[in-house]
Amino acid sequence: MARRPRLGSSARAKLALSYAGFLAVAGALLLAVVWWYLLRYVPDNDQGLLGVSPNRYLLVHTFAPAAAEAMAFLLVFGLVGGWLLAGRMLAPLDRITDAARSAGNGSLSHRIRMTDRQDEFRELADTFDSMLDQLESHVDEQRRFAANASHELRTPLAISRTLLDVARKDPTRDREELIARLHAVNTRAIGLTDALLLLSRGDSGTFTREPVDLSLIAEEAAETLLPLAEQRGVTLDVTGGPARTSGSAELLLRVVTNLVQNGIVHNLPADGTVTVRTETSGGAAVLRVANTGRPVPPDLVPTLTEPFRRGTERVRTDEHAGVGLGLAIVRSIVRAHGGTLTLHPGPAGGLAVTVRLPATP
């Protein structure tokens, strides 16, 4: 629960008291200088200075009330002026506080947009606005993800219930066909659940790091997917030098496997190719996966790494169609390893993907 500070403990009051105290000390020092360098040289006798009155006694008694009044004026002026000046200086904090309070109440759309200043408060406000932009984008992404995940998980359950209802109403229906369809739906649900767990694991970044060579992982992934490539008439071309990094071998194997499998599935109907290259360049372990295929619209490329986004040519009835989490998992794992993922359409069709991870000696 937000609480406003008490008057005496607020930053504005403390600054006002500080200003007033500073003026009071400055006035006292000024009076001390006057006494030290002027009044102490005035003779303290009946004749005064050069035999002419007034003397030090009269000067002190005449000067003291005026000095007291000046000190009182400085104190009041310091309090009032300090209060107004502190209020003007701290005004941006009220706007920042209001924005933070709105964010704390769940409203992430409010922005400070401080354009009338060029100081540290402006830098703080801009940083806060940037944080709200990222937070709002992340929350929206999580909401879409939760909605899509709920929909995707609900679909196989609804299909299973429909199949069971049909079997209950029609006892003569072929049991083998029913079991096969239920098995396919159940397999899809398990695959989706495993993908969601893997995506969550990549986002959390909780894994043990060990030395990994992307070239060896690329060869392992290619060997695993070779039967699928041969079935679809796709040629796998894996070349390149060592690309050593640090991370989870299991998760990085999933990265390469997902990229190569996507390259195989989204390819030409026949005589397609998937090329995999590994190298160390510019202090980074680089993995490049490119495939042939139909042209990919440039405006579609940035959305491919979002969860449950599927390419336009994906066939849902294919056993390798997936659930739209392949590239989302890749992005999550690469980001958890401190790397970058870049996608761009191939010049003659298909998609080229580049993964850069911090290289290790």
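Visitor: Leaving aside neighbours within four places in sequence, which residues is Ile264 in contact with?
Guide: This is a predicted model, so what follows is computed from predicted atoms. In it, Ile264 is in contact with Leu225, Leu228, Ala229, Arg232, Val234, Leu236 and Val274. Contact here means heavy atoms within 4.5 Å.

Visitor: Which residues touch the most other members of the largest nonpolar core?
Guide: They are Leu259, Ile264 and Leu287, in a core of 42 residues. Among the elements that each supply at least two residues of this core are helix H4 (175-204), helix H5 (214-232), H6 and strand E4 (272-281). Apart from it lies another core, of 11 residues, including Leu90 and Phe121.

Visitor: What makes H6 largely enclosed by the rest of the structure?
Guide: The count of buried residues does: 12 of the 17 residues of H6 are buried, so the helix is largely enclosed. Among them are Leu251, Val255, Leu259 and Ile264.

Visitor: How do you know that the span of helix H6 agrees with what it should be?
Guide: Helix H6 covers residues 249-265, and at 1.5 Å a residue its 17 residues should span 24 Å. The expected span is 1.5 Å times one less than the number of residues. The end C-alpha atoms of H6 are 24 Å apart, so the two values agree.

Visitor: Why is Thr354 called buried?
Guide: Buried means under 20% relative accessible area. Thr354 has 11%, so Thr354 is buried. Thr354 lies in strand E7. Leaving aside neighbours within four places in sequence, its contacts include Val286, Leu287 and Arg288.

Visitor: And why is Leu17 called exposed?
Guide: Exposed means over 50%. Leu17 has a relative accessible area of 54%, so Leu17 counts as exposed. Leu17 is found in helix H1 (residues 11-37).

Visitor: Which residues make the nonpolar surface patch of about 620 Å²?
Guide: Leu17, Leu75, Val76, Leu79, Val80, Trp83 and Leu84 make it. Helix H2 (residues 56-104) gives the most, with 6 residues.

Visitor: What makes the pair Arg101 and Asp98 a salt bridge?
Guide: The limit between a side-chain nitrogen of Lys or Arg and a carboxyl oxygen of Asp or Glu is 4 Å. The closest N and O atoms of Arg101 and Asp98 are 3.3 Å apart, so the pair qualifies. Both residues lie in helix H2, 3 residues apart, about one turn of the helix.

Visitor: Where in the chain do Asp237 and Arg277 lie?
Guide: The side chains of Asp237 and Arg277 meet in a salt bridge (3.3 Å, N to O). This pair links distant parts of the chain: Asp237 is in strand E2 (residues 234-240) and Arg277 in strand E4, 40 residues apart.

Visitor: How far apart are the closest N and O atoms of Arg288 and Glu279?
Guide: They are 2.3 Å apart, and the two residues form a salt bridge. Arg288 is partly exposed, with a relative accessible area of 30%. The structure holds 7 salt bridges.

How values were computed:
Residues numbered from 1 in each chain as written. Predicted model: local features only at pLDDT ≥ 70, side-chain atom pairs only at ≥ 80, totals over all residues. Heavy atoms only, no water. Helix = DSSP H or I, 4+ residues; strand = E, 2+ residues; numbered from the N terminus. Buried < 20%, exposed > 50% of the residue type's maximum accessible area, 1.4 Å probe, protein only. Core = buried A, V, L, I, M, F, W, Y, C linked by side-chain atoms within 4.5 Å. Patch = residues over 30% accessible without salt bridge, like charges linked within 9 Å, V, L, I, M, F, W, Y side chains within 5 Å. Areas by Shrake-Rupley, 256 points an atom, 1.4 Å probe, with all protein chains shown as cover.
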